[in-house]
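Please read them with the model open beside you.

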Amino acid sequence: MTSPAPCSRSWSISEDSLKRYVQFASESCIQELLSASDSNRDTRVGAGNNANDGWKVLTLDNGVEISKRRSGKTASFHTFRSRWLLTSVSPQQFITVANAIDAAKQWDPDLVEARYIKDLEDNLSIIRLKFGDNAKPLFRNREFIVYERRETMEDGTLVVAVASLPKEIAAGLQPKQNNAIRGLLLQSGWVVEKLEGDSCMVTYVVQLDPAGWMPRCFVNRLNNRLVMIIENLKKLAQACPIDGDGGET
């Protein structure tokens, strides 16, 4: 009697189940991003620590504030936040680069594949990210499935949430079993507020490895590096033409 052939197809997840999970998770992420932005909104960058919100300022220099806050059930991990006063970039310019794919290129340059898998709603997408042999250990030969949700608040504030799906859900989106998939890489996003003239305030929040799989010291060190990707995104945004600039779209 011959043995059955190993199954080459992973279990699948229904569209409704996927949509319910991502809607709930992304709404929670959006609210956390707005809360992180609100904590210093009245006084802008450089106001110092708010004793009630838990954020501790690490650096403050030339319109850039980097801070962190303890998170997780054991409070042993940190969420990092950077706030940037961009005087030469409009919200419309920056929002063009505030997305999962442009951010992933900053996480590690050896991003070998990035593509949209499906749109669950007009403002809610699922994206596949694949890194190659030369990536950093965290990303090397790994694939991540992330959602990207974009919202415009009543006051015109733009919010983009990007977070990776749990491995079980991500695997359910693959046509066959894929051992390279890793779940729950990070939760992150941007809040872009319009200021006077062609300028904006950008708050970027990132929590790497929210499930707590990796060593704490490694995670917090890498969080501190990832939160600085706004510098490169700013340069990309400045090169992006917007309506009225006379450039092609």
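1. Pocket terms come before the pocket itself. On a 1 Å grid over the protein atoms alone, a pocket is an open set of points with protein on both sides within 12 Å along at least five of seven lines, and a lining residue has an atom within 4 Å of a point. Grid points are joined across faces, edges and corners, and a volume is the space filled by probe spheres set on the points. By that scheme the largest pocket has a volume of about 200 Å³.

2. A word on the source. The model is predicted: local features need pLDDT of at least 70, side-chain atom pairs count only at pLDDT 80 or more, and totals for chains, interfaces and linings use all residues. Residues are numbered from 1 along each chain as its sequence is written, and side-chain values use heavy atoms, with hydrogens and water left out.

3. Overall make-up. The protein chain has six helices and nine strands. These are DSSP runs numbered from the N terminus (helices: H or I, at least four residues; strands: E, at least two). Of its 249 residues, 49% count as buried. Buried means under 20% relative accessible area, exposed over 50%, and partly exposed in between, with a 1.4 Å probe and protein chains only.

4. Contacts and surface. Take contacts in the protein chain between residues at least 6 apart in sequence: 58% of them join residues at least 24 apart. Contact means heavy atoms within 4.5 Å. The protein chain exposes about 12,900 Å², with carbon and sulfur atoms supplying 48% of it. Accessible areas come from the Shrake-Rupley method with a 1.4 Å probe; for residues, only the protein chains shown count as cover.

5. Helix α1. This helix covers residues 15-38, 24 residues in total. From first C-alpha to last it reaches 34 Å, close to the 34 Å expected at 1.5 Å a residue. The expected span is 1.5 Å times one less than the number of residues. Its buried residues include Leu18, Val22, Ala25, Cys29 and Leu33.

6. What surrounds the largest pocket? Its lining has 14 residues. Tyr21, Ala25, Leu184, Gln187 and Pro210 lie nearest the centre. α1 gives the most to the lining, with five residues. α1, β7 (158-164) and β8 (186-194) each supply at least two. The lining divides into ten nonpolar residues, four polar and no charged. Here Ala, Val, Leu, Ile, Met, Phe, Trp, Tyr, Cys and Pro count as nonpolar, Asp, Glu, Lys and Arg as charged, and the others, Gly among them, as polar.

7. Ser188. This residue lies in strand β8. Is Ser188 buried or exposed? Ser188 is buried, at a relative accessible area of 2%. Leaving aside neighbours within four places in sequence, Ser188 is in contact with residues including Cys29, Leu33, Val160, Tyr204 and Val206. Cys29 and Leu33 are also among the buried residues of α1.

8. Two asparagines to check. Most residues other than glycine have a negative phi. Asn62 has a positive phi of about 55°. It is found in the loop between β1 (56-61) and β2 (64-71), and is exposed, with a relative accessible area of 74%. Asn141 also has a positive phi, near 55°. That residue lies in the loop between β5 (124-131) and β6 (143-152), and is partly exposed, at 40%.

9. Glu121. It lies in strand β4 (residues 111-121) and is partly exposed, with a relative accessible area of 29%. Neighbours within four places in sequence aside, Glu121 is in contact with Lys19 and Gln23. Glu121 and Gln23 are 98 residues apart in sequence and 9.6 Å apart in space, C-alpha to C-alpha.

10. Ala237 and Val89. Ala237 is found in helix α6 (residues 230-238); Val89 is in the loop between β3 (77-86) and α2 (91-95). Ala237 is buried at 0% relative accessibility, and Val89 is buried with a relative accessible area of 0%. Not counting residues up to four places away in sequence, Ala237 touches Val89, Gln93, Phe94 and Val97. With the neighbours within four places in sequence set aside, Val89 is in contact with residues including Asp198, Cys200, Lys234 and Gln238. Val89 and Gln238 are 149 residues apart in sequence and 6.2 Å apart in space, C-alpha to C-alpha.

Definitions and conventions: On a 1 Å grid over the protein atoms alone, a cavity is a set of points where a 1.4 Å probe fits but cannot get out, and a pocket is an open set with protein on both sides within 12 Å along at least five of seven lines; lining residues have an atom within 4 Å of a point.
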